[in-house]
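Hello,

Here is the structure we talked about. Please open it and keep it beside this email as you read.

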Amino acid sequence: MSVILQISDTHFGTEVPKVAKALLTLAHTLEPSLVVLSGDVTQRARRSQFAAAARYMEQLQVPHVLCVPGNHDIPLFALTSRLLRPYSHYARCFGSELEPAFESERLLVQGINTTRWFRHKHGQISAAQVARVAERLSPARPEQLRVGVTHQPLLAIRDSDKNNLLRGHSFAVPGLVRAGGDVFLGGHIHLPYVRQLSAAGGALGRDSWVVQAGTALSHRIREGVANSVNVLHYASEGEPRCEVERWDYTTEVDRFVPVVRTPLSLTRSSARV
């Protein structure tokens, strides 16, 4: 069994200490194979905020962390840095590779950098990025779960969030699904949900899923939605199966508790288009 802990939109600089402590307890209990940090690590891309995030990641005591930048991880007011060195503070703590990959016997996870220095909030994906990710995912073995990680979402469930969709999602989704992508993790809108990419999946004959995370640690919660993280459980023995658990922080017990568990149907390579 492989376990992925998805943490998103930590916004270090706005984190709630008791929530941060509770998440450490959860991580130490779950002992995930991989932590995915899907962007907006910091609130204002300050060196001190990235340093705090890096220290926190060490405290999680997990073997592997895969991180992609969010729009808040590029300096907003330091215009020279934003133009010439947008990822300098990020790279100091998380490395210069903005599209990291992780591979194990059961997992193939590919980060996708959807930030752009010239965009304040919205994300973008290019045809070249889709081709690169497709090339990475396509050779995956049938027993591997193929996961893509973006910051901005590929699918919105509310009309108010459609403006937050990743620019280029209309051509990216079919290409990524066709390449064999099973699950796409994202954040940005602080709203957790799991939905099937039904339009692309139906047209291409494959099951593929969007798994969105809320804000893990920040007081910048949305519409009263609690701080939350996602936990993916994947087993490849026999018929591969995957389930997503959403864990919310509750003040009543001062810890994260599971609130919903969603099984994901998977399509293996024999049915790939």
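One caution: this is a predicted model.

Start with the cysteines. Cysteine 242 has 2% relative accessibility, so it counts as buried. Cysteine 93 has 28%, so it counts as partly exposed. A disulfide needs two cysteine sulfur atoms within 2.5 Å. For cysteine 93, the closest cysteine sulfur is in cysteine 67, 9.8 Å away, so that pair is too far apart for a bond.

Next, the sheet. It is open and has 6 strands, in the order S3-S2-S1-S10-S11-S12. The pairing is mixed. Strands S3 (65-68) and S12 (255-264) stand at the edges. Each has a single partner strand, so one side of each is left without a neighbour in the sheet. From one strand to the next, the twist averages 20°. Look at S1 (residues 2-7) and S2 (residues 34-38): they pair in the parallel sense, over 4 bridges. Glutamine 6 has valine 36 in S2 as its bridge partner.

Now the nonpolar cores. The largest has 35 residues. Those touching the most other members include Ile7, Leu23 and Phe256. Helix H1 (17-30) gives the largest share of this core, 7 residues. At least two residues each come from several other elements, including S1, S2, helix H2 (47-60) and helix H4 (88-94).

Phenylalanine 256 is worth a click. Beyond its neighbours within four places in sequence, its contacts include Val19, Leu23, Leu26, Val229 and Trp247.

There is also a second, separate core of 22 residues. Val36 and Phe102 are among them.

Best wishes

Note on methods. Residues numbered from 1 in each chain as written. Predicted model: local features only at pLDDT ≥ 70, side-chain atom pairs only at ≥ 80, totals over all residues. Heavy atoms only, no water. Pairing = 2+ DSSP bridges. Axes fitted to C-alpha atoms, helices over the stretch in contact; angles between N-to-C directions. Buried < 20%, exposed > 50% of the residue type's maximum accessible area, 1.4 Å probe, protein only. Core = buried A, V, L, I, M, F, W, Y, C linked by side-chain atoms within 4.5 Å. Contact = heavy atoms within 4.5 Å.
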